[in-house]
Amino acid sequence: MWYIYHSMAKPCNTQQAAKAVGIAVMTLHRWIVAKKLKAPKLRIRNGRAVRLWEKADLDRLRELKQQIYCKGRGRKKGYKK
């Protein structure tokens with residue numbers, strides 16, 4: 001997936017951003033709603049409102065993912081059985 005992340009010269013939409021970072025789109029939406037991540041402003045593209053993620057936004061998203069997910073198994077910190 002690193003090739004998607006490094007080859008983006010143009011801004012990408014939310015689905016592409018989630019795929020580049022390796023999380024589900026719904027997870028990204030939940031983080032935005034929970035205000036864990038400041039999302040880019042909505043822009044109108046072809047009559048639809050979309051968020052265009054720049055390289056700096058993807059860097060912040062990767063940092064947040066590393067804070068939330070543990071290394072190895074990918075489970076959230078504080079997971080209890």
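Leucine 28 first. Setting aside neighbours within four places in sequence, leucine 28 is in contact with Thr14, Ala18, Ile23, Leu37, Trp53 and Leu61. Contact here means heavy atoms within 4.5 Å.

A word on the source. This is a predicted model, where local features need pLDDT of at least 70 and side-chain atom pairs count only at pLDDT 80 or more, while totals for chains, interfaces and linings use all residues. Residues are numbered from 1 along each chain as its sequence is written, and side-chain values use heavy atoms, with hydrogens and water left out.

Back to leucine 28. This residue sits in helix H3. Helices are DSSP runs of H or I, at least four residues, numbered from the N terminus. Is leucine 28 buried or exposed? Leucine 28 is buried, at 0% relative accessibility. The cut-offs: buried is under 20% relative accessible area, exposed is over 50%, and partly exposed lies in between, with a 1.4 Å probe and protein chains only.

Now the helix pair. H2 covers residues 14-21 and H3 covers residues 25-33. They pack at an angle of about 105 degrees, and their axes are 9 Å apart. Axes are lines fitted to C-alpha atoms, for helices over the stretch in contact, and angles run from 0 to 180 degrees between N-to-C directions. H2 and H3 are therefore roughly perpendicular, a label for angles of 65 to 115 degrees. Who makes the contact? H2 supplies Thr14, Gln15 and Ala18, and H3 supplies Val25, Leu28 and His29. By class, that is three nonpolar, three polar and no charged residues. Nonpolar takes in Ala, Val, Leu, Ile, Met, Phe, Trp, Tyr, Cys and Pro; charged is Asp, Glu, Lys and Arg; the others, Gly among them, are polar.

Next, charges. Side chains of opposite charge can pair when their charged atoms come close. The rule for a salt bridge is a side-chain nitrogen of Lys or Arg within 4 Å of a carboxyl oxygen of Asp or Glu. How many salt bridges does that rule give? Two.

Lysine 55 pairs with aspartate 59, N to O at 3.6 Å. Both lie in helix H4, residues 55-68, four residues apart, about one turn. Aspartate 59 is partly exposed, at 26%.

Aspartate 57 pairs with arginine 60, closest N and O atoms 2.4 Å apart. Both are in H4 too, three residues apart, again about one turn. Aspartate 57 is buried at 11%, whereas arginine 60 is partly exposed at 34%.

Technical notes. Helices (H or I, at least four residues) and strands (E, at least two) are DSSP runs, numbered from the N terminus. Angles under 35 degrees count as roughly parallel, over 145 as roughly antiparallel, 65 to 115 as roughly perpendicular and the rest as oblique.
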